[in-house]
Amino acid sequence: MELQDSITTLKGVGPKKAEAFARLGVNTVEDLIFTFPRIYEDRKDIKDIAALKEGEAALFAGAVDAIRTGGFTRGRRSRVLRMLVTDNTGSIEVVFFNAAYLAKTIKRGDRLAFFGKPVMNRDRLQVVHPQFEKEETVQTGILPIYPLTSGVTQREMRRLQKLATPLYGQVESILSEETVRRNNLCDLEYAIRNVHFPEERQHYLEAKYRLVFDEFMALETGLMASKMNERFEGEGTKFLNDGSEEEFIKSLPYPLTRAQQRCVEEITADLISAKPMNRLIQGDVGSGKTVVAQTAMYKAVRSGYQAAMMAPTEILARQHYEGMSRDFAAFGIKTGFLTGSMKAAEKRQVLEEVADGTIQILIGTHAVIQPEVSFRNLGLVITDEQHRFGVSQRIKLKDKGESPNVLVMTATPIPRTLAVVLYGDMDVSVIDEMPPGRMPIVTHCLSGEDARQKCYDFVERQIQQGRQAYVVTPLIDESEAMDARSVTQVYEELAARFARTEMIHGAMKQSEKDAIMARFSAGETDVLVSTVVIEVGINVPNATVMVVENAERFGLAQLHQLRGRVGRGQWQSYCFLINEGRSELAEQRGKIMEASSDGFYIAEEDLKLRGPGEIFGTRQHGLPDMKLADMVRHMDVLNAARDEAKALLEEDPRLARPENGPLKRRVEKLFGEDLTLNL
C-alpha cells in the first residue's frame with residue numbers, strides 16, 4: 001500500500017463509502033492520514049457509577065436492570081426510552097428520545113458501556129443520549145473524534161486510521177533536519193502517530209506543535225514565494241511628477257481629511273518612483289477610500305496610462321462607475337463599465353474601446369480579468385474589497401499590464417495579526433479618520449418579540465420624518481434546516497405595515513436588483529428588505545436605520561459592514577441587532593457592537609472570537625484552510641515558521657534544490673488553483 005493509493009485500497013471501503021469520504025476531501029490514503037481529530041475523549045478508565053459527577057463526561061458500564069418506553073416529550077412527538085443501568089456501586093438512568101426502536105435490540109440483563117455527560121433531573125443524575133456499545137467490545141484510552149459526514153462513523157474512521165499506521169513513516173518531512181533541531185520539534189512519524197492515537201496528553205502536545213509548525217511553514221513559504229514573484233525587480237510604470245493629483249483634489253466639493261491627504265501623498269510617492277506600487281489602503285466604513293483611489297486613477301490618465309478597478313459585486317461596481325464616470329467626465333476622461341451580465345454587443349464595444357485606449361478607466365467585476373480583455377496601456381490596477389478575491393484573481397488583473405502599479409482597498413479592517421500573514425511585504429496606508437460631521441451610529445442589541453415590535457415602531461417614526469431603513473436577514477427563503485427569518489418572510493410582514501417596501505437578494509436578475517437599488521437611492525422606497533447583498537459599498541445618505549434580523553448568525557466584521565450602510569448623511573443613524581439565539585457568543589458580539597464603532601478594534605475582537613477562517617472565509621483571502629493551526633493561539637509558532645520560510649527562500653527562491661522537493665510539493669497541493677508561485 002502506498003500513500004497515493006485510493007482510499008478504496010483499505011479494507012471495507014467500497015465505491016459508495018469512497019463517495020462519502022470524498023465529501024470530507026479524503027480520496028487517498030495520505031488524505032486520510034492528514035484528516036486530524038478535532039477533539040479527544042478521555043476514556044482511559046471505566047468509572048464506577050457512584051463516582052459519576054454532573055457535567056463531567058465519562059465512560060461507565062453496567063447491566064440493564066429495567067427498560068421501558070412510553071409517553072411523549074412535552075411539545076414533541078417523540079417517544080421516550082428509559083433504562084436503569086446498574087453496576088456494583090450504584091444505578092443511573094439512561095434516556096433516549098425518539099428511539100423506541102432500541103427496545104427491540106436492548107434487553108434486560110444486557111451488559112453495556114456508555115459514554116456521556118450526566119445531568120441532574122429531579123434530584124437524580126441521568127445521562128441523555130450517550131454513545132453506547134456492548135461492554136466486551138468497548139474501546140478505552142484517549143479516543144480521537146474526527147470530522148465526519150453522512151455515511152462515515154467514528155468507529156470506521158478510527159479503524160481505517162489504524163490500518164494506515166504502517167504508512168506514517170512514508171510521509172515526507174517538509175522540514176530540514178536543521179529546522180527540526182533549531183526549533184526543538186519532534187519527529188514527523190511520532191507527530192502523526194500521536195495526533196491520531198496519543199497515549200498521554202504531553203505526547204499529543206508535542207505532536208500538535210510539530211504539525212502546526214509544518215502547516216505554517218507551508219503557508220508562509222507559499223505566500224512569500226507568491227509575493228516575491230509579484231514584485232518586479234526592474235523599473236515599473238512611472239507616472240509624471242506634475243502635481244496632477246492636486247488638480248483633481250481641488251475640484252472636489254469638500255476638503256480631504258488629514259488621513260486621506262496622507263494616503264494620497266504616500267500613493268503619489270509610489271507612483272512617481274521607478275518601483276511599482278504595491279500598496280494596501282485600510283479604512284473603516286465611510287472613511288473615504290474611494291476618492292483616494294480616484295485621485296490615483298486621475299494621475300494615471302494624466303500620465304498617459306489606463307486604470308482599472310475590480311469590485312466583488314455588480315451593485316458595488318456599478319455604484320463606483322456611476323460616481324466616477326460623472327466626476328471624470330468633467331475632465332474629458334472616458335470611463336467604461338464591464339460585467340459578465342452585459343449583452344454581447346455592449347461587451348464587444350467596451351472591449352474594443354479598452355483595447356484601443358478610448359476607454360481610459362475601466363470599472364467592473366471579475367469580468368475585467370477575463371482573457372478577452374486587453375488594455376492598450378494599463379498603468380494602475382485597483383482591487384476594491386480585496387478580501388473577496390483570491391490570490392489568482394488579483395494576479396490576473398495585474399498581469400493585464402506591463403508591471404502596473406497595484407492598489408488594493410478594504411473596508412473590512414484586517415487584524416494586525418492576520419495582516420502580518422497576508423500582507424507582510426505590502427506598503428500599508430491607513431485612513432484612521434472619519435470625514436467631519438459624521439455622527440457615531442447608535443447601536444442596540446435586542447431580543448424577543450416585544451423588542452422587535454418596539455424596533456419597527458421606531459422605524460415607522462423615522463419614515464414619518466422622511467428617512468429610510470434597511471432590514472437584513474440571513475436567508476432568502478424559509479428553511480427547515482435553519483431556524484432563522486428569511487427575506488421573503490420579513491418582506492411579507494413589513495410590506496403589510498409599510499406601503500413603500502421592497503425586497504432584494506442575490507438570486508434576482510441583475511437588472512431587477514439595479515432597478516430596486518435605483519428606487520431606494522432616489523427615495524422612492526422607505527424600507528429595503530435584503531440579504532447581505534447590500535453588505536458592501538452601498539451609499540444612500542437618507543437611510544438612517546439598519547435592522548439586522550437573526551444577528552446571531554452574522555460575524556462581528558459582517559455586522560460592522562452592515563452597520564456602515566447607514567450614518568452617511570446629516571442625520572443621526574441607528575442600528576438594531578435582533579438576536580434570536582441566547583448563546584454566549586451572540587451576547588459577546590452584541591456588547592462589542594454596542595460599545596465600539598472602531599472597525600479595527602472590532603476586527604481584532606472577531607479574530608479572537610472566531611478565528612481567521614470564519615471571519616473572511618480563508619479561500620476569499622487566497623489562504624488555504626488550516627487543519628490544526630490557529631493564527632491567534634499559535635502566533636509564536638507562526639512567527640518561528642515565518643522566519644524559517646524567509647531564510648529558506650532567500651537561499652532557494654524557487655525551491656529547486658532536491659532537499660526542498662517535499663516542501664515544494666506540499667505548498668503546491670496546499671494552494672491548489674490559487675497558486676501563483678511559478679516554482
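Colleague: Is Glu135 buried, partly exposed or exposed?

Modeller: In this predicted model, the relative accessibility of Glu135 comes to 24%. Buried would require a value under 20% and exposed a value over 50%, so Glu135 counts as partly exposed.

Colleague: Which side chain does Glu135 meet in a salt bridge, and in which element does that partner lie?

Modeller: The side chains of Glu135 and Arg111 meet in a salt bridge, with 2.7 Å from N to O, and Arg111 counts as partly exposed at 43% relative accessibility. Glu135 sits in the loop between strand S8 (131–134) and strand S9 (141–145), so the pair ties together parts that are 24 residues apart in sequence. The partner, Arg111, lies in strand S5 (residues 111–116).

Colleague: How many residues apart are Glu460 and Arg497, which form another salt bridge?

Modeller: The closest N and O atoms of Glu460 and Arg497 are 2.7 Å apart, and the two residues count as partly exposed, Glu460 with a relative accessible area of 30% and Arg497 at 31% relative accessibility. Glu460 belongs to helix H14 (residues 449–464), whereas Arg497 is in the loop between helix H15 (487–495) and strand S19 (501–504). The pair therefore links distant parts of the chain, with a separation of 37 residues.

Colleague: What separates Arg318 and Glu314 along helix H10?

Modeller: Arg318 forms a salt bridge with Glu314, and their closest N and O atoms are 3.8 Å apart. Arg318 counts as partly exposed at 25% relative accessibility, whereas Glu314, at 13%, counts as buried. Because they are four residues apart in helix H10, their separation is about one helical turn.

Colleague: Is helix H10 parallel, perpendicular or oblique to helix H16?

Modeller: The axes of helix H10 (residues 314–329) and helix H16 (residues 510–521) come within 11 Å and cross at roughly 55°. Angles under 35 degrees count as roughly parallel and those from 65 to 115 as roughly perpendicular, so the arrangement of H10 relative to H16 is oblique.

Colleague: Which residues of H16 make the contact with H10, and how many charged residues does the contact have?

Modeller: The crossing of these helices, H10 and H16, is right-handed. From H10, the contact uses Glu314, Ile315 and Arg318, and from H16 it uses Gln510, Lys513, Asp514 and Met517. By class, the contact of H10 with H16 has two nonpolar residues, one polar residue and, as the number asked for, four charged residues.

Notes: Residues are numbered from 1 along each chain as its sequence is written. This is a predicted model: local features need pLDDT of at least 70, side-chain atom pairs count only at pLDDT 80 or more; totals for chains, interfaces and linings use all residues. Side-chain values use heavy atoms; hydrogens and water are left out. Axes are lines fitted to C-alpha atoms, for helices over the stretch in contact, and angles run from 0 to 180 degrees between N-to-C directions. Helices (H or I, at least four residues) and strands (E, at least two) are DSSP runs, numbered from the N terminus. Angles under 35 degrees count as roughly parallel, over 145 as roughly antiparallel, 65 to 115 as roughly perpendicular and the rest as oblique. A crossing is left-handed if the near helix is turned anticlockwise from the far one by less than a right angle, and right-handed if clockwise. Contact means heavy atoms within 4.5 Å. Ala, Val, Leu, Ile, Met, Phe, Trp, Tyr, Cys and Pro count as nonpolar, Asp, Glu, Lys and Arg as charged, and the others, Gly among them, as polar. A salt bridge is a side-chain nitrogen of Lys or Arg within 4 Å of a carboxyl oxygen of Asp or Glu. Buried means under 20% relative accessible area, exposed over 50%, partly exposed in between (1.4 Å probe, protein chains only).
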